[in-house]
Amino acid sequence: MWDLFYKRNTTNFFKDRHWTSREFGEIEQRIHNNQQTVLLEAGCGVGNAIFPLMAQAKDLFVYACDFSPRAVELVKDNPSYSETKCKAFQCDLGTDHLSYTIQENSVDLVTLIFVLSAIHPDKFEFVLRNIHKVLKPGGYLLFRDYGLNDWAMLRFNNGSKISENFYVRQDGTRAYYFKKEELESLTCASGFDVVSNEYVMRETINKKKNLKVPRVFLQGKYQKPAPT
């Protein structure tokens with residue numbers, strides 16, 4: 001369904017995420033200190049997060065993967081794409097091993113932003129272990145996704161429900177809404193130490209409908225333990 005989504009919308013649906021470095025201090029600090037950094041954007045879409053980051057950071061190399069081959073091609077077609085700064089590749093995080101493309105223990109930071117919710121819950125732990133394998137010891141997984149009782153969740157009718165907290169949208173894409181305790185348990189079971197794991201409340205405004213919408217996201221930072 002995501003390949004069809006990008007066929008319909010190409011690069012026009014999502015806005016560039018200029019907030020990524022602001023929300024995650026580990027990225028901001030590395031950019032400020034001109035640290036050599038390897039980052040994996042797991043579920044890159046058409047590059048709305050990676051291209052703003054690459055414009056900010058001269059010492060950044062990005063691995064960018066997505067389930068949709070069409071999205072990966074759109075990343076590669078972007079004028080800012082350069083193979084000296086970025087490697088984009090197709091990957092199903094729930095079945096394909098990242099370590100076939102990325103060396104184990106080689107990535108400083110992984111961003112997983114509004115991606116895990118689109119994957120079947122049965123595959124959550126595989127995805128997290130998949131990411132854990134390519135992270136350096138001491139590296140961080142930076143996460144944001146939909147939280148339980150988000151406005152978008154409350155709008156679904158009963159016919160859209162697949163299973164507990166898991167829904168299908170009209171376009172066929174799916175969305176899971178996370179509990180804080182659930183994500184903490186999942187990341188710990190996958191080998192991470194939980195550094196932070198909190199709900200983030202936001203209010204977005206639909207100007208056309210003059211509507212204020214309460215949003216609930218779950219944001220976390222999880223570290224791969226360094227050997228003692």
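This is a predicted model: local features need pLDDT of at least 70, side-chain atom pairs count only at pLDDT 80 or more; totals for chains, interfaces and linings use all residues.
Visitor: What makes a set of residues a nonpolar core?
Guide: The members must be buried, be of the listed nonpolar types and be joined through side-chain atoms within 4.5 Å. The largest such core here has 31 residues. Leu40, Leu93, Leu98, Leu112, Leu116, Ile131 and Leu141 touch the most other members.

Visitor: Which elements each supply at least two residues of this core?
Guide: Strands β1 (37-42), β2 (60-66), β4 (107-113), β5 (135-146) and β10 (211-223) do, along with helices α6 (124-134) and α8 (180-189). The largest share, five residues, comes from α6.

Visitor: How many residues of β2 are buried?
Guide: Six of its seven, so β2 is mostly covered. Buried here means under 20% relative accessible area.

Visitor: Why are β1 and β2 said to pair?
Guide: Pairing takes at least two bridges. β1 and β2 have six, in the parallel sense, so they qualify. In one of these, Glu41 has Ala64 in β2 as its bridge partner.

Visitor: Which residues lie nearest the centre of the largest cavity?
Guide: Arg30, Ile31, Thr37, Ala57 and Leu60, out of 13 lining residues. Helix α3 (25-32) and β1 each supply at least two lining residues. α3 gives the most, with three. By class, the lining has seven nonpolar, three polar and three charged residues.

Visitor: Why is Phe114 called partly exposed?
Guide: Phe114 is at 21% relative accessibility, so it counts as partly exposed. Phe114 lies in the loop between β4 and α6. Its phi is positive, about 50°, although it is not a glycine.

Visitor: Is Asn165 buried or exposed?
Guide: Buried, because its relative accessibility is 5% and the cut-off is under 20%. Asn165 sits in the loop between β6 (161-163) and β7 (166-168).

Visitor: What is the phi of Asn165?
Guide: Positive, about 65°, although Asn165 is not a glycine. Most residues other than glycine have a negative phi.

Technical notes: Residues are numbered from 1 along each chain as its sequence is written. Side-chain values use heavy atoms; hydrogens and water are left out. Buried means under 20% relative accessible area, exposed over 50%, partly exposed in between (1.4 Å probe, protein chains only). Helices (H or I, at least four residues) and strands (E, at least two) are DSSP runs, numbered from the N terminus. On a 1 Å grid over the protein atoms alone, a cavity is a set of points where a 1.4 Å probe fits but cannot get out, and a pocket is an open set with protein on both sides within 12 Å along at least five of seven lines; lining residues have an atom within 4 Å of a point. Ala, Val, Leu, Ile, Met, Phe, Trp, Tyr, Cys and Pro count as nonpolar, Asp, Glu, Lys and Arg as charged, and the others, Gly among them, as polar.
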